[in-house]
Amino acid sequence: MELAPADRAAVLALWRKLGTNVGIYTTEALERIFVAFPSSKTYFLHLNLSPGSAQVRAHGQKVAEALSLAMNHLDDLPHTLSALRELHTHRLRVDPVFFKQLCHCLLVTLARHYPGDFSPNMHASLVKFLNHVISALAPSSGQIGRVDAEGSCV
Ligand code: HEM
């Protein structure tokens, strides 16, 4: 299912604005999930999760690169993210609820840093983009709300 042209234009424009800072925000999203939803930490017991950790920053950078890759392949997310789906679903066995929590933390982070850009419409476009990413990475129960036949979040 494709993102509507208006949603696509909105998220691409915001991503261009984030530029090389995407990793800063994905790192903040990880720091937030570890505090706001502490059970998420069980997947990262092998990393130093203390505030300012270089390991969390390095992981945040990997997540950022995956999201930027997704942003550049909006028409083919299942294929683009298939190796990550395999990793998260079969090897790491990440409970889908954590995808929803991480995306929530990323939305909070972006709203905090880009309040002027974060209109309700931008919020909705980002939710749709992140739901597309989640559905390529995880079983559907991880989505932020359900997605209807037109790709809208309901
Ligand atoms: C938007 C959602 C997500 C994206 C784009 C994403 C992306 C990635 C990427 C790119 C990697 C590195 C893969 C590699 O090194 O080959 C990774 C690894 C990993 N992810 Fe995710 N991830 C997401 C959500 C999650 C969630 C929700 C969890 C669990 C709460 C999680 C747990 C892990 C773990 C444990 C690793 C391995 C870390 C390590 O050993 O260094 N991921 N993820």
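Author: Buried means under 20% relative accessible area, exposed means over 50%, and partly exposed lies in between, with a 1.4 Å probe and protein chains only. Cys-103, with a relative accessible area of 10%, is therefore buried. Cys-105 is buried too, at 3%. This is a predicted model, in which local features need pLDDT of at least 70 and side-chain atom pairs pLDDT 80 or more, while totals for chains, interfaces and linings use all residues. Residues are numbered from 1 along each chain as its sequence is written, and side-chain values use heavy atoms, without hydrogens and water.

Reader: How many disulfides does the structure hold?

Author: A disulfide is a covalent bond between the sulfur atoms of two cysteines. The criterion is a pair of cysteine sulfur atoms within 2.5 Å. The structure holds zero disulfides. For Cys-103, the nearest cysteine sulfur belongs to Cys-105, 9.2 Å away.

Reader: At what angle do H5 and H7 pack?

Author: Helices are DSSP runs of H or I with at least four residues, numbered from the N terminus. Axes are lines fitted to C-alpha atoms over the stretch in contact, and angles run from 0 to 180 degrees between N-to-C directions. Helix H5 (residues 82–91) and helix H7 (residues 120–137) pack at about 70°, their axes 8 Å apart. Angles of 65 to 115 degrees count as roughly perpendicular, so H5 and H7 are roughly perpendicular to each other. Contact means heavy atoms within 4.5 Å; H5 contributes Leu-84, Arg-85, His-88 and Thr-89, and H7 contributes Ser-135, Ala-136 and Leu-137.

Definitions and conventions:
Helix = DSSP H or I, 4+ residues; strand = E, 2+ residues; numbered from the N terminus. Parallel < 35°, antiparallel > 145°, perpendicular 65-115°, else oblique.
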